[in-house]
Amino acid sequence: MSPSGIPGLERVLFTEEQIEARIREVAAAISRDYEGKSIKLIGVLKGSVFFLTALARHIEVPLKIDFLGISSFSNRSGAPGLVRIAKDLDDSIEGEDVLLVEDIVDTGFTLRYLLQTLAGRAPNSLSVCTFLDRHSRRIVQTPVKYRCFEIPDRFVVGFGLDHNQLYRNLGYVAVMKPDRS
């Protein structure tokens, strides 16, 4: 399917209906796994906001929500570089069952940094849920317990993912044309 009228987009990868159905399935799995407990969802800003909101609506156990903002800096060769927390959590996670919610897991460098940082804060448990998983680009193996979709090695936008801060508001996920700039 082609996203009509939006320049720079090649095709729709996942429709709104596919996304909604898969989020319901993942939320059901999370609800089963955390039955009898409460969880804290930690969203990684900005991309995870759309996914976290949709996911939280379908989780059937008590939950709290908090957010982390990160900044990533690459060196001149484009290799992964420094990751730092730009906006920290508002509350402690000590003794909490934490589910880190990501929009996309790619090389694994950022996720590894976040897991190490959060593990040092003594949560009861710490797992990862990602909307999109681009496993073909993984350099650092990181544990992803819940994933909605595996994607090919293409640049995608929509449902929180952006290109130059645009396209986050699309209700679907689309592949960008290769000549984007």
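How many of the 181 residues of the chain count as buried? The share is 48%, where buried means under 20% relative accessible area, exposed means over 50% and partly exposed lies in between, with a 1.4 Å probe and protein chains only.

The structure is a predicted model, in which local features need pLDDT of at least 70 and side-chain atom pairs count only at pLDDT 80 or more, while totals for chains, interfaces and linings use all residues. Residues are numbered from 1 along each chain as its sequence is written, and side-chain values use heavy atoms, with hydrogens and water left out.

## Overall form

The chain contains three helices and nine strands, these being DSSP runs numbered from the N terminus, with helices of type H or I and at least four residues and strands of type E and at least two. Their order along the sequence is β-α-β-α-β-β-β-α-β-β-β-β. The radius of gyration of the chain is 16 Å, close to the 16 Å that the globule rule gives for 181 residues, so the chain is as compact as a globular protein of that length; the radius is taken over C-alpha atoms, and the rule is 2.2 Å times the number of residues to the power 0.38. Along its principal axes, the C-alpha trace spans about 45 × 40 × 25 Å.

Among contacts between residues at least 6 apart in sequence, 64% join residues at least 24 apart, a contact being heavy atoms within 4.5 Å. The accessible surface comes to about 9200 Å², and 49% of this belongs to carbon and sulfur atoms, as computed by the Shrake-Rupley method with a 1.4 Å probe, where for residues only the protein chains shown count as cover.

## Strand pairing

Two strands are taken to pair if DSSP finds at least two bridges between them. The pairings described here are set out in the table.

| Strand | Partner | Sense | Bridges |
|---|---|---|---|
| β1 (residues 9-14) | β9 (residues 173-176) | antiparallel | four |
| β8 (residues 156-157) | β9 | antiparallel | two |
| β2 (residues 39-45) | β5 | parallel | four |
| β5 | β6 (residues 125-133) | parallel | eight |

Strands β1, β9 and β8 form, in that order, an open sheet with antiparallel pairing, and its edge strands are β1 and β8, each of which pairs on one side only. Within this sheet, F14 stands opposite V173 of β9, V12 has A174 of β9 as its bridge partner, and V156 stands opposite V175 of β9.

Strand β5 (residues 97-105) is largely enclosed by the rest of the structure, because nine of its nine residues are buried. Together with helix α3 (residues 109-119), β5 and β6 make a right-handed β-α-β unit; a crossover is right-handed if, with the strands pointing away from the viewer, the path from the first strand over the helix to the second runs clockwise.

C148 is accordingly in no disulfide, and the count comes to zero disulfides.

Terms used:
Disulfide = S-S within 2.5 Å.
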